[in-house]
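Please keep the structure in view while reading.

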Amino acid sequence: MRKEIPLAIMLVTGVFMAVQFFVPHEIPSLIYTNLNKTVQVVGAVALVLGIVSILSIHLAKIGKKQPGFGYSYFLIVFFVLMASSGFLPKSLNLGSFLGHGGNEEGSFFLNMYNYVLNPVQSTMFALLAFFIASAAYRAFRARSIIATLLLLTAIIVMLGRVPIGPAIFGDWIAELADWIMAVPNAGAKRAIIVGVGMGILSLSLKMVLGIERAWLGGGR
Amino acid sequence: MGFFEKMRQIDRRWIFLAVGVAIILPFFFYIGLPIKVTPEVKVLYDSVERLKPGDVVFFAPEYDPGTIPELQPMCHAFLRQCFSKGIKIVAVCLFQLGPAQAEQDLTLIAKEYNQKYGVDYVYLGYKPYPETVILNMGEDFRKSFPKDYYGNLVDTLPMMRNLKNYSDTKMIISINATSGADYWIRSAHGRYNIPLGLGVTAVMATDYYTYLQSGQLFALVGGMKGAAEMEQLVGLEGKKYNRATARMDIQNFAHLVIIFFVILGNVAYFATWGKK
Amino acid sequence: MRKLFLAALLSTFFLISFSFVSAQTPPAPVTNLTAKDTPSDKGAQVDLSWTASPDEQRAENPVIGYQLLVALSSDSPFVAVGKADAGASGATAKDGLKNDQSYYFKVRAYAADSSFSESEVAGPATPTGQWWNTQPNYIWIFVGMVMLVGFILYNIRKAGKEELYIRPIAGINAIDEGIGRATEMGKPILYICGLGDAAQAATIAAFSVLGRVAQKVAQYQSRLIVPCYDPIVFSICQDVVKGAYLNAGRPEAYNEKDVFFVTQDQFPYMAAVNGIMLREKPATNFYIGQFYAESLMLAETGFQAGSIQIAGTDQLIQMSFFIVACDFTLIGEEMYAASAYLSKEPEQIGSIKGQDWGKVVFASLSLLGVVSALLEHKIGFFEMLKKVLLAE
Amino acid sequence: MPEISLVTAVWTTLAAFLSLCIFSFLYKDNPFYKIAEHIVVGVSNGYWVILLFRDTFKPLWLDPAWSLVSGKGLSAELTIFVLVSLVFSVFMLLRLIGGKAALLSRWSMAAILGISAGVLIPLSVQTYMYEQLKGNVLSFGAFPLPFFSVAGQAAFNNLLIIIGSLSGLAYFFFSKEHKGYFGATAQVGIWFLMIGFGATFGYTVMARLSLLIGRIEFMKEWLQIFF
């Protein structure tokens, strides 16, 4: 019964969801809406599992004084600060550096979002500018026909995208870049999209029918 | 070891340094090359121009701080065009990192044009599992958003009284930094057939050309360049209104540096060919 | 005297206003109004269609819009249920209509000065919800779905009976080597299921590949690290890895702490994964699933850490980064096929063959479409080429 | 530079410090990066706890559940929803206990996977195949312009897109050896794919640089607080 009941649940929900796509009547769409809401609620509740996982790892690190355990304090302290702010009553305002988690200007929650989460996100993202340069330098070598095609289209599109390309080479380079994007590229993407669609269909079908059951720990 | 051999194994931190310098230097110079407006951006501008005051546009600014340089100018230019014409906005943000950003943008531009919350624009806020929410909103906005971002009951907002679902709006415009754009295509346009325009990062724009061609999108604004084009169409003077245009100058220089390194790499590769 | 003056003033006023109204005639009403239940909907809607008022075109005081009116019987009072712009020849009435109740409809044509005229009554129409969507595109999608599902199931059933050929995929062959390399070097393997939630197809594919990889890792006795992004994905990954170790007969080697949750924010997650890569120095990195901008960062940091990298995603943009910066990349459908390839089970291979049949049908229909379009335009392929070459 | 309060200055400095910590990763892994990394993982988890509680759990489940418990009455639809979600959520949390009870969480996961996979079956046909087929065919058939009036260019482009998509599809053909004519077609497909990847990469450079420009602008603004 370890696998039968989950597989049955999957079959029933899967077939229902696939069929309801074609049924405009409101009863299936009512069930559909509520099932989706259920997924949202379960997804939110499951965060508890995630939090327990990460906290237990870092608490264990501190407990065993593993190398680098000092950093784990930062993680735990900042987690507690941030999470607790959401549950403190709004009347208890401890100033901008501590306090409640309201959405309004100057609340601790918003400041943490704006001045801690946000800048780190953006800076991490900005690192990609450096990585894209190093990846281009490392990989764009005219080793073979395929590699040369990759290299040439990349350079043409790069030049065509910025105003300086046409300024040096004339408008044709921007037009060529646009044409590459709009024509051969569109063809390639369409091939990938159709293939992906076929793959998704096949995989979803195998999931619903219980043929693909790696998620249950594999096996037959 | 010869020069080219050294170049082949250059420490990538030198490349990092060169890119850094290339980006910081142009802050001190200004070239200002003109930017051509592409048809897929023009069509968005024109469709908004054709709307009547009082028409409602469904707007989904879904981008995180990381994509501000590209998408914020786009978002601002679009909002400026709408608000200056008296077009009303219903906004949501179904990307978990975006809700606060979207709120800031809406409030900022609304203030610029003295637009009143609840009358001229409404912000419904965030709900997880975007695809579900998009589908639910096709039935009724209230299904996913009984309350707006600020906790007001949606039915108490004057503007929302006659708005049930997408079919009461003229178009959906999503400025999107995520694959959430797919959900809008698949579920909002696909299932409810509302004209959909997208503003995306330059990276994503590539993928969405196919959808433009297949008619699932009517307009596509891509990246900083697309944003600069929108700024030119909206046509306000001053750096404050043309952030994307100013940033395009920096792009020029940095692109040249990267291309220089690719060429250098290839020269080194062929110069040392067979030696290895 | 004052009274007389007032009377004169009033009568002039009425005269003027009367002449003002009489100058504008109300517009002609719409004709041929019909009302019927909206097909393929969930109910509570009625489709109205009509022939537009001819006065939409007149220069003075044209029709600027229509109002839809509804009533429970043809002689009870009508109330508004929606509107339509000028130029429309139909609209859907939906405000406040209920299923299984008969309604009568009228349409009011409004002119610019808000004078109006009403059409004849149409009806009765009874809104109901349908149990099957009969719009042509839904029918085609249904037919396509049944056909493709049929292809896959047919080939799965047939699979046991004959040996099927599948072409080698470099990235999939590399998976075994990657695991072997880690064992030789005595270093761990890093597996990232992407940044999608459990509802996304690519994530589901990542689970099935993870199952196969974990089983091999368990057999080879090396270590597998799985940092997760979504709590439900994390829970499923735990079960997948644990089950794979069990299947490989080494449940005791499963370390619960190696499959863990990090956070569900893109770049905070990446900050942590970067750290893991540079500190654990895994021999082989797998990036399978839904990826966004972080793809390039994964690949470049992994390269710096000296790992062999095998990636797979269905995100078009990220494929280009993986292609450039990783050692092996499973492009789109290759990722979905990976689990079947690795399993070597006949049923799974059969499903791949079914997918191929689908591609044949897609290609045939595309070509058929092109040919029929050419025929319709009465133009031969050669003639078209000539036009292209002559740039006419 | 506009006047800013001391509080904002302190927060902005924290933001700039964290940004510099992250930038330092370009040189190499170091304690500053590690501090920033651990802080941000902690904060983002805290952020999510609040966000999911406030925007999902409370309005979707807790509020209706409270009206049910406090006897305010609830529609049958919502009552069923509240109870079903409760059961699945509790099953999920049983993983914390472990052992046999944890197996019940598979019921919840099965439901989630079943729902996702089920939705994907028709949607994959619609979005990934039907619409693409329409793109391939309509560009020739129902295109608003008669196809030779677009100076031939358009017809050629459409043809090229179809060649690209079909030869690319040949590359994804798994159950036939890539030899002979078929192999040549697949090879053309690979060329198209590579052009697509190269173009995408080149197109992306700008976006990545944009992000860095944004960060540099922020650092500039931060420095202006002091000067």
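**Contacts, helices, domains and a sheet**

The contact between chain D and chain A takes 98 residues from chain D and 100 residues from chain A, where two residues are in contact if their C-beta atoms, placed from the backbone, lie within 7 Å. On the side of chain D that touches chain A, at least two residues each are supplied by helix 1 (6-23), helix 2 (31-69), helix 3 (76-93), helix 5 (105-138), helix 6 (153-171) and helix 7 of chain D. Helices (H or I, at least four residues) and strands (E, at least two) are DSSP runs numbered from the N terminus. By class, this side of chain D has 65 nonpolar, 26 polar and 7 charged residues; Ala, Val, Leu, Ile, Met, Phe, Trp, Tyr, Cys and Pro count as nonpolar, Asp, Glu, Lys and Arg as charged, and the others, Gly among them, as polar.

This is a predicted model, in which local features need pLDDT of at least 70 and side-chain atom pairs count only at pLDDT 80 or more, while totals for chains, interfaces and linings use all residues. Residues are numbered from 1 along each chain as its sequence is written, and chains are lettered from A and ligands numbered from 1 in the order in which they are written.

Chain C also meets chain A: 64 residues of chain C are in contact with 48 residues of chain A. Helix 5 (residues 231-247) of chain C contributes the largest share of the chain C side, 12 residues. That side divides into 36 nonpolar, 17 polar and 11 charged residues.

Helix 7 of chain D returns in a contact with chain B. The axes of helix 10 (residues 223-234) of chain B and helix 7 (residues 180-226) of chain D come within 7 Å and cross at roughly 80°; axes are lines fitted to C-alpha atoms, for helices over the stretch in contact, and angles run from 0 to 180 degrees between N-to-C directions. Helix 10 of chain B is therefore roughly perpendicular to helix 7 of chain D, a term for angles of 65 to 115 degrees. Here B:Gly223, B:Met224 and B:Lys225 meet D:Met206, D:Ala207 and D:Ser210.

Chain B is divided into domain 1 (3-30 + 251-271) and domain 2 (39-235), with bounds from an automatic or database domain assignment. Their centres, taken over C-alpha atoms, are separated by 38 Å.

In chain C, an open sheet of 6 strands has the order 11-10-9-12-13-14, with parallel pairing; two strands pair if DSSP finds at least two bridges between them. Its edge strands are strand 11 (259-261) and strand 14 (328-331) of chain C.

Notes. Angles under 35 degrees count as roughly parallel, over 145 as roughly antiparallel, 65 to 115 as roughly perpendicular and the rest as oblique.
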